[in-house]
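Notebook open. Today I am looking at contacts, first inside one chain and then between chains.

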Amino acid sequence: MNAPPKKRLKVATTSLAGCFGCHMSLLDIDERLFDLLKIVEFDRSPFTDIKAVGAAGPCDVGIVEGGLCNAENVQVLREFRQHCKVLIAIGACAINGGLPAQRNHLELGAILEEVYHAGHGLANGTIPNDPELPLPLDRVHPLHEVVRIDVFIPGCPPSADAIWQVLTDLIAGRPPRLGYGLLQYD
Amino acid sequence: MSINPGFAPSFSLDGRQVPFTAGQTIIQAAAAAGIYIPHLCYRPELKPHGSCKLCTVKVNGRQASSCTLQAQAGMVVESDTDELNDERRALLQMLFVEGNHFCPSCEKSGDCKLQATACELGMTSPHYDHFFPSRPVDASHPDVLLDFNRCILCSLCVRASRDIDGKSVFALSGRGIGSRLIVNARSGRLGDTDFSAADKAASVCPVGVILPKRRGFAVPIGERTYDAAPISVVALREGE
């Protein structure tokens, strides 16, 4: 007798002020991706073409890389929190702002001025002001300063084995646990 | 004072009998017995400071710093308990959010005691809101640079420079969250002191504040101090 097909876990992922490196580290699980796809389906993610998170029903897991550097990041993060039962902050940026937060030393106006207007080699440069562009925040923030985060996977990026450990723990209904060797901050 | 003359006095640490000699602190006796108690501001060759609070243990039910409390015969000491390790994790999280600990670009990553202790105790997130301090780097010295945003105010460099090098190059200054490491020069710059890269104070920093210039990322990942073994093993092996 054929058992009815098990409902697959729905997973959404996104990159905010990230470098996509955490997504690459997720892909580093290599052939285990085939095992993963038997038990999960992807909602909104850079891997899919779905435009809005949770549009086709709530997600079980949301994985967010990158910190918050602009207004759109904050909006997307809030949507992920709203539609995902378990929200994972993945990578140094999501957890403490990461290397992009080194800009917190500097005044935002001075950065934009340097990069778009006054910097070397710019002819008639202007700071972009189209309303289609999200305004940068004055400082880069970790995710947990804006929404509640359920699971943190540190690393820049975390190893594929660490990501696999957390995903398989969650799928099995266990509290995720990173043992020594899987826990890293660099 | 020994109860049984002829036998070394001892106290109980997490259920094990730990012998000690008169005047030894709890952390010294524990290390001699091969038991690691987490710590950041303690080094055996320097006077204890008692600022990091990570070595906090329970002695007869009350919390005390094991780096400053002398062992007494018959003490009942707890260290490796869920309650104390939870508190240690919270202390580590406070240190992480008070500074800019961006491990991915820090030259000390893999050799850093703060990082290694956080890994040892399973810290996955900083939990609290970040302070993002903005203290200028001091690159005035020809051989050594200072990144004050990583300083945990352990004062190891202060003590090493004063008590071993005899130079008193460093000091802690200010109050409350305004407390910071300063350089004892009229200009406040390391380059205007007699500090040398060969000083003891140049090598005791447990984090990435005092760094040699022109040497960065020299050790391959996998071969750094805490890549192969956790700090609980390394600290006992190296006698730190």
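Ground rules. I am working with a predicted model, where local features need pLDDT of at least 70, side-chain atom pairs count only at pLDDT 80 or more, and totals for chains, interfaces and linings use all residues. Residues are numbered from 1 along each chain as its sequence is written, chains are lettered from A and ligands numbered from 1 in the order in which they are written, and side-chain values use heavy atoms, with hydrogens and water left out.

**Entry 1: the two domains of chain B**

I looked up the division of chain B and got domain 1 (10-80) and domain 2 (102-238); such bounds come from an automatic or database domain assignment. Taken over C-alpha atoms, the centres of these two domains of chain B lie 24 Å apart.

Next I checked how they touch, with contact meaning heavy atoms within 4.5 Å. Domain 1 of chain B puts in 15 residues and domain 2 of chain B 19 residues. Between them about 1,400 Å² is buried, and carbon and sulfur atoms give 68% of that.

For a salt bridge I need a side-chain nitrogen of Lys or Arg within 4 Å of a carboxyl oxygen of Asp or Glu. The rule finds one between the two domains of chain B. Glu45(B) and Lys200(B) form a salt bridge through their side chains, at 3.0 Å from N to O.

**Entry 2: chain B against chain A**

Moving on to the chain pair, I see 32 residues of chain B and 21 residues of chain A in the contact. The buried area is about 2,100 Å², with 60% from carbon and sulfur atoms.

How many salt bridges cross between chain B and chain A? The rule gives me one. Arg224(B) reaches Asp186(A) in a salt bridge between side chains, 2.8 Å from N to O. As for the side of chain B that touches chain A, its residues sort into 16 nonpolar, twelve polar and four charged.

Methods: Buried area is the accessible area (1.4 Å probe) that two parts lose on being put together, summed over both. Ala, Val, Leu, Ile, Met, Phe, Trp, Tyr, Cys and Pro count as nonpolar, Asp, Glu, Lys and Arg as charged, and the others, Gly among them, as polar.
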